[in-house]
Amino acid sequence: MKNKKKPEKIIFQSEKDVPLMPMSVGSMLFNKTGAWRNIRPEIDLANCIQCGICWKFCPDVAIYIENEFPVIDYDYCKGCGICAEECPSKCIAMVEELK
Amino acid sequence: MKKVIMGNHALSWGAQLARAQVIAAYPITPQTQVVELLSEMCASKTLDAKFIKVESEHSAMAACLGASLAGARTFTATSAQGLTLMHELLHWASGGRMPVVMGNINRAMAPGWSIWTDQNDSLSQRDTGWIQFYCASNQEVLDTVIQAFKVSEQLLIPSMVVLDAFALSHTYEVVDIPDQAKVDAYLPRFNPPVRLTPSDPHAFGGLTSPEHYFEFRYKLQKDMEKAPALIEETGREYEKMFGRYLGLVEDYLCEDADLILVTSGTAGYTARVGVDLLRKEGVKAGNLRIKVFRPFPFEKVRQVVAGAKKVAVVDRNISYGHHGIFYQEVKSALYGADHDVPVFGFITGLGGRDVTPDTFKEVAGLTMAKSRPEEEITWIGVKK
Amino acid sequence: MKKERTMKLTLPTEELMSSGNLACQGCGATLAMRYVLKALGQKTALCIPACCWSVIDGPVPYSTLAVPIFHCAFETAAASASGLKAGLEMVGDTETTVVAWAGDGGTFDIGIQALSGAAERNDDFIYVCYDNEAYMNTGIQRSSATPYGAWTTTTPVKHFKNRPKKDIDSIMAAHRIPYIATANTSYPEDLYKKMKKAKDIKGTRFFHIYAPCPTGWKARPEDTIKFGRMVVQNCIFPLYEVENGEKYTINIRPREKKPIVDYLRLQGRFRHLKDEDIAFMQAEVDRNWERLLKKCETK
């Protein structure tokens, strides 16, 4: 369930490359919103009870499931802290982002 | 099949023959008969279309845009207050490249409430990026609607077919209603290159930064510039199949004319009578009736006016703080042309004040009396 | 990592919304979209008027969603959806669910005429209002959905919003449309279930989704889900359905009704409130809850 699509920024060289009306031709995955963070979530998998709540409540779809456990996609995680706040076993800590 | 129908119904017949698929409209005098007949046509299934009885003209155009984006052929009709209520969305239609065709009955803008004709409502939309056709007969209305769909859908630019209130909308004339099968051959199904569908998802019309906006608008203008030639070409095709040619202008006795009147709408037909009267008096007059206002037919106007000594533009509209609108555009078309023809501007007939052949005789008299036009507007018919 | 057991997720895993969107941290409106699209699936078309989502989706030439969007004029969400649905049907697509997706401004205020018109005609689409309780996209100005007592840039602290929140759900019920539901991103399974139910109903369906906005409410982004739970537990934003304008069903009843003061204390937009203001607001919430309970009793 990890975002498989390869992100690419779109550049139009001439008006001939531009579509007829303003419209989308690509995905926003090129935009690595992980750069917005000041704090980052870290999951202590030893205490994770695999409830899926962190995956469920992420507004940025930045938590995916791998081998039945949640994994944070740090390319996109904005550090909102919802996962840490909602985790029932309190196994997610918000730590200072190291730039 | 020949039928005696009113101008408004010529619009409805045009939409039916063109097989419009979605109609969203709100009633307003003097357009009501357009939508009433279309409602009946939908109800009796002579027209297979969805008629959305919206609660305002703004919603009418919004619904048309949604339908057009889905790839359906869309039609609506309105007038004055309704047209101006849609103004924001007129920009949307052209910028979004949605080829809606709309009938507009020229009606004077309020206040005070007027249901009679003048052209300010449609002309004040001239910068919205819509093709504008001005009709002078019910036959022209029906023929123009069908051709408008063809031109609009090819260029992906919306168009409006404009009629004078009452003088055309409510006047009954004999109209040759073309055969449906022939219209189907002339006008195929709407098949846009891109449409809104989950099978090919795009977000249409989102946030556009200075990095991109300019090119979209450049493309719109470039496609608009193709319109005059395309209108003539589709007009010739129509002539082959149905025997009538519309074109960008109507040239009545202009070839040897010294004085050319420039008109539009039904006043343009009245001007022909005026021209006949002038000719009887020995004045070599001619009438140039402009049928397509946007895109403005620069070349055609220069061509027709080339041999004249004087041009008199008669406007049934005004841009406050400037002059009549056709006058401004004709003047700018002739600026820098090979020869210098003085252009005289007249304003008459606002709010439905009657325009008669005598109006044109007066215009001609005033034009011939002066060698150069004045800066000030010459008003015909105002009680001074 | 030893595989302990399989995860039992309460929602389908397919995502129709990607990462990289432009939402603020902790945005309730973004979560709402994620859940709604899970329920409706890929055969969905959205009409989005001017609102936060006009920006969240990303600028031209990008989009964060796997479904098509008609970005439409501010007042026209419902009218655009009516037209889009009609157009799709006429070109042979009778399956795609059309959704008007508007904020509270585009629903309660500038968009209410088009919404009322479409609802009266019972046009076939789902109207979703995600309610962050102010004109957030233009910088937190008050709307008629702003609750009594709230600070916004146009209702500063000395003149806080002193009119009650417009009761849009009752307005929509008066139109006798087949289905109305309130929903909340803190109860995604409830939202999912109701949206799935709505998908199969023909006619105008209206969803009012509570969408916390940390930026506009001056709250911590991590409290978004907590807020949603609180407004159900203190009855500020009950979760209920209305069928055909008459049959009211409350979906989640709080075991004990909590006082609103704890909710208000967590948001900067309520910081200026005095005890008497809070008491006034509490009385209003109590009255509204009683009124809703009565509506549920009538058969």
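Predicted model: local features only at pLDDT ≥ 70, side-chain atom pairs only at ≥ 80, totals over all residues.

**Stop 1: chain A, coloured by confidence**

Select chain A. Its average pLDDT is 93, and 93% of the residues score at least 70. Now pick helix H2 of chain A, residues 82–86: confidence in the chain is highest there, at 98. Strand E1 of chain A, residues 26–27, has the lowest, at a mean of 94.

**Stop 2: a hairpin in chain A**

Select residues 63–66 and 69–72 of chain A. These are strands E3 and E4, and they pair in the antiparallel sense over 4 bridges. Click on A:Tyr64. Which residue of E4(A) is the bridge partner of A:Tyr64? It is A:Val71. Next, look at the turn. The two strands E3(A) and E4(A) form a hairpin with 2 residues between them. A:Asn67 sits in that turn and has a positive phi of about 55°.

**Stop 3: where chain C meets chain A**

Show chains A and C together. Here 36 residues of chain C are in contact with 37 residues of chain A. On the chain C side, H1, strand E2 (62–63) and helix H9 (224–233) each give two or more residues. By class, that side has 14 nonpolar, 14 polar and 8 charged residues.

Zoom in on E1(A) and E2(C). They pair in the parallel sense over 2 bridges. Find A:Gly26: C:Tyr62 of E2(C) stands opposite.

**Stop 4**

**Stop 5**

Select E9(B) and strand E3 of chain C, residues 69–71. The two run parallel and are joined by 2 bridges. B:Phe204 has C:Phe70 as its bridge partner.

Now widen the view. An open sheet of 9 strands runs in the order E9(B)-E3(C)-E1(C)-E4(C)-E5(C)-E7(C)-E6(C)-E8(C)-E9(C), with mixed pairing. Where are the edges? They are E9 of chain B and strand E9 (247–250) of chain C, and each pairs on one side only.

**Stop 5: helix H7 of chain C**

Select residues 188–199 of chain C. This helix has 12 residues and reaches 16 Å from its first C-alpha to its last, close to the 16 Å expected. Highlight C:Pro188, C:Leu191, C:Lys194, C:Met195 and C:Ala198, which are buried. Why are they on the same side of H7(C)? Because they cover an arc of only 130° around the axis.

Bring chain A back. The buried residues of H7(C) pack against several elements, among them helix H1 (53–56) of chain A and strand E5 (125–131) of chain C.

Key. Residues numbered from 1 in each chain as written. Chains lettered and ligands numbered in written order. Expected span 1.5 Å × (residues − 1). Buried ≥ 20, exposed ≤ 12 C-beta atoms within 10 Å, placed from the backbone. Arc of directions from axis to C-beta. Contact = placed C-beta atoms within 7 Å. Pairing = 2+ DSSP bridges. pLDDT = per-residue confidence, 0-100. Nonpolar A, V, L, I, M, F, W, Y, C, P; charged D, E, K, R; others polar.
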